[in-house]
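Thanks for coming, everyone. Let me put the structure up and walk you through a few of its parts.

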Amino acid sequence: MNPRARIAGLGKYLPAHIRTNADIEKLVDTSDAWIQERTGVRERRIAADNESASTMGIEAGRQALEQAEIDPAELDLVLSATTSPDGTFPATASLIQDGVGAVRAGAFDVTAACVGFLSALATGSQFIETGSYKRILVVGTEVLSRIVDWTDRDTCILFGDAAGAVVLEASDQGGPLSFVFHSDGSRADKLYAHGPATRRDIDDHDYHFISMDGRHIFKFAVQAMESAAREAIEAAGMKIEDVDLLVPHQANARIIRATAKALGLPEERAMVNVDRYGNTSAASIPVALREAWEEGRLHDGDRVVLMTFGGGLSWGAMVLDWAPVGPLSAAAEPAHATASGS
Ligand code: COA
């Protein structure tokens, strides 16, 4: 039987500085009440000047390795998903590989905006399931505050900075049961941020800021996450009612509630922390997964559905068979390890 890619460790890093809705009221014409009602966001974290996607990814990665009790020198590969990398190159994954001390590992980035972490997780899982590699660190990390226009009320209310990480380890239990990915590049103009190498015939002085058609994305999001989740659940040979926990991309509490409803699941079955962090793109799912574990919401044998959407446009979902985290011999139960949560 092929090895399975069990999640052996979970990590997160949130920058210390909190920017509340009241702080944003001082920057643009908006209100705390409007932001909370339309998005569910109360506050978000903002990276310090000396922090970046790699420094935050290193912190999240270390926590995940510690929980898995894996020596970084044993890692075979480091994957990083980010839309706000330290630079055009090298890959942010290489900086994380160095920072965590993964001296034997290869490293590369997977770029798919808010679908980035799920894409990296599926990529890493397959290296393990084929038997090529045994231990892989997968990081989602973002400093979106640096590509948000803080004078644009359509976007600046939504986003924040964070990093999350998982360690995958070859095992006979746990890991992905199915995944699906989709893309519609014809709608790239609905959500994008240009970069320094963008086409030179585009007259766009604010090239690196996030640009978004909010209403279009809202409608797309619910439909896309619902259909991807249904597809992944069917591919795993399950029924909707077998789902124990939804861990959706944390973009907007209304989108999460509407998707749970469209799937016919109670909204309490969905993990929500968008109120505290806003939309952290590739970091949102690993941070939510870590916090689901901290809250004791992940149990041995649970069926967990990760689902996401974003720039591309792109969308996808994955079903996980949850096996306890920690070393193979003595996998930690949530109650034992809350002290290591940051
Ligand atoms: N503060 C106060 N008022 C605002 C505002 C803000 N930040 N932004 C827009 N408004 C106003 C609008 O001008 C409009 O006023 P009007 O009715 O007088 O014309 C009204 O609020 C409603 O605007 P609308 O754009 O229809 O709001 P909405 O309910 O669609 O909410 C978003 C806007 C952006 C919160 C919502 O569309 C959304 O979350 N979309 C998805 C975005 C997303 O997830 N992006 C990332 C994907 S990875």
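Let's start with a helix on a sheet. This is a predicted model.

Let me zoom in on E7, residues 161-171. Is this strand mostly buried or exposed? Ten of its eleven residues are buried, so the rest of the structure largely encloses E7.

Look at its two neighbours. A quick reminder: strands of a sheet pair through backbone hydrogen bonds, either parallel or antiparallel. E1, residues 4-13, pairs with E7 in the antiparallel sense, over nine bridges. Gly-11 has Ala-165 of E7 as its bridge partner. Arg-6 stands opposite Glu-169 in E7. Then take E6, residues 135-143. E6 and E7 are also antiparallel, with nine bridges. Here, Val-143 faces Asp-161 of E7 across the pairing.

Back to H4, and to its helix partner. In general, two packed helices are described by the angle between their axes and the distance between the axes. H3 is residues 53-68, and H4 is residues 92-100. Their axes come within 9 Å and cross at roughly 50°. That angle makes H3 oblique to H4. The crossing is right-handed.

Who makes the contact? From H3, we have Ala-53, Ser-54, Gly-57, Ile-58, Gly-61, Arg-62 and Leu-65. From H4, we have Thr-92, Leu-95, Ile-96, Gly-99 and Val-100. Sorted by class, the contact holds six nonpolar, five polar and one charged residues.

Next, please find strand E13, residues 314-321. How many of its residues are buried? Eight of the eight, so E13 is largely enclosed by the rest of the structure. Both faces are covered. On one side, Ser-314, Gly-316, Met-318 and Leu-320 are buried. On the other, Trp-315, Ala-317, Val-319 and Asp-321 are buried too.

One is E8, residues 175-183, which is antiparallel to E13 over eight bridges. In that pairing, look for His-182, which stands opposite Trp-315. Another is E12, residues 303-310, again antiparallel to E13 and again over eight bridges. There, Thr-308 is opposite Gly-316.

E12 and E13 also form a hairpin, with three residues between the strands. What is the phi of Gly-312 in this hairpin? Gly-312 takes a positive phi, near 155°.

E7 has ten of eleven residues buried. H3 and H4 meet in a right-handed crossing. E13 is covered on both faces. Thanks, and over to the group.

Note on methods
Residues numbered from 1 in each chain as written. Predicted model: local features only at pLDDT ≥ 70, side-chain atom pairs only at ≥ 80, totals over all residues. Heavy atoms only, no water. Buried < 20%, exposed > 50% of the residue type's maximum accessible area, 1.4 Å probe, protein only. Helix = DSSP H or I, 4+ residues; strand = E, 2+ residues; numbered from the N terminus. Pairing = 2+ DSSP bridges. Axes fitted to C-alpha atoms, helices over the stretch in contact; angles between N-to-C directions. Parallel < 35°, antiparallel > 145°, perpendicular 65-115°, else oblique. Left-handed = near helix turned anticlockwise from the far one by under 90°. Contact = heavy atoms within 4.5 Å. Nonpolar A, V, L, I, M, F, W, Y, C, P; charged D, E, K, R; others polar.
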